[in-house]
Amino acid sequence: KFQANGCTSAIMYMQATSAGPRLRRLAFGSGAALLLLLLVASVTSSSSRRPHSMFFGLSSSFCSATPSKVSSPLRWAEPSTANDRAATADRICCRNHDYAEWSGSWTASSFPKRLAADETITFYDVASHLPLYRAPIGRTFDEFFEESGAHGWPSFRDQEVIWENVVVKSGGEVVSGTGTHLGHNLPDRKGNRHCINLVCVSGPPPK
């Protein structure tokens with residue numbers, strides 16, 4: 001299960017592809033024209049461009065390990081969906097650079113809805129198990145949960161990033177130190193905001 005990352009801009013995407021100005025103007029016509037443009041651009045862009053996540057079958061895994069083997073069941077998954085979410089982690093986190101799990105799907109997992117005032121959660125890479133984020137820091141859990149819910153994906157601020165294990169690429173993609181795709185950095189008026197797929201940070205904590 002995946003969708004176009006709601007945190008990214010369609011206009012930025014078009015400018016990053018080889019589609020010319022004539023095609024970009026079509027995007028302002030209708031939703032159907034935009035969809036057609038994205039499909040054409042993903043197929044016709046140069047072979048040197050990173051694999052488009054719409055075609056997962058064409059991309060081999062670039063993770064240090066396979067999530068469905070090393071992290072199944074995921075840390076936050078209901079028993080009935082454990083295998084499905086591990087497979088989603090394989091596709092989203094290890095074979096893709098653009099797309100995301102469904103907006104809001106993380107709230108349907110077993111991720112906690114409440115946390116004691118003095119508690120934090122450490123989030124681990126689903127493939128390498130590196131610690132990546134620790135939240136909430138500098139705000140309450142309710143504030144973290146509310147902001148994440150408003151954007152559709154868990155959203156982390158600079159003070160919550162474990163920087164020795166997280167890399168923000170020039171285009172905004174966020175990956176772990178071992179290359180696992182995590183999401184994208186979408187700054188707002190408050191500063192950097194890492195918009196992250198929960199499945200990609202659902203590795204098990206160390207025992």
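## A walk through a predicted model

Histidine 129 is partly exposed, with a relative accessible area of 28%. Keep in mind that this is a predicted model. Most residues other than glycine have a negative phi, and most peptide bonds are trans.

Serine 72 and proline 73 are joined by a cis bond, with omega about 0 degrees. Proline 73 sits in the loop between helix H4 (67–70) and H5. Another cis bond runs from alanine 135 to proline 136, with omega near 0 degrees, and proline 136 belongs to the loop between S4 and H6.

Stay in that part of the chain for a moment. Arginine 139 is in the loop between strand S4 (131–135) and helix H6 (141–151). Is arginine 139 buried or exposed? It counts as buried, because its relative accessibility is 17% and the cut-off for buried is under 20%. Its side chain makes a polar contact with the side chain of glutamate 160, at 2.7 Å. Neighbours within four places in sequence aside, arginine 139 also touches Phe144, Glu147 and Ser155, among others.

| Residue | Relative accessible area | Class |
|---|---|---|
| Arginine 139 | 17% | buried |
| Histidine 129 | 28% | partly exposed |
| Lysine 169 | 40% | partly exposed |

Now for the sheet. Five strands make an open sheet in the order S5-S9-S8-S7-S6, with antiparallel pairing. In one of the pairings, glycine 183 has isoleucine 196 in S9 as its bridge partner.

Lysine 169 lies in the loop between S6 and strand S7 (173–176). From lysine 169 to asparagine 185 is 16 residues in sequence, and 9.0 Å in space from C-alpha to C-alpha.

Finally, the inside. The largest nonpolar core has 31 residues, and those with the most contacts inside it include Cys93, Phe111 and Leu182. Helix H5 (82–94), strand S3 (121–124), S4 and H6 are the elements that give two or more residues to this core. H5 supplies the largest share, five residues.

Notes. Residues numbered from 1 in each chain as written. Predicted model: local features only at pLDDT ≥ 70, side-chain atom pairs only at ≥ 80, totals over all residues. Heavy atoms only, no water. Pairing = 2+ DSSP bridges. Helix = DSSP H or I, 4+ residues; strand = E, 2+ residues; numbered from the N terminus. Buried < 20%, exposed > 50% of the residue type's maximum accessible area, 1.4 Å probe, protein only. Polar contact = N/O pair within 3.5 Å; in protein donor to acceptor, adjacent residues only side chain to side chain. Contact = heavy atoms within 4.5 Å. Core = buried A, V, L, I, M, F, W, Y, C linked by side-chain atoms within 4.5 Å.
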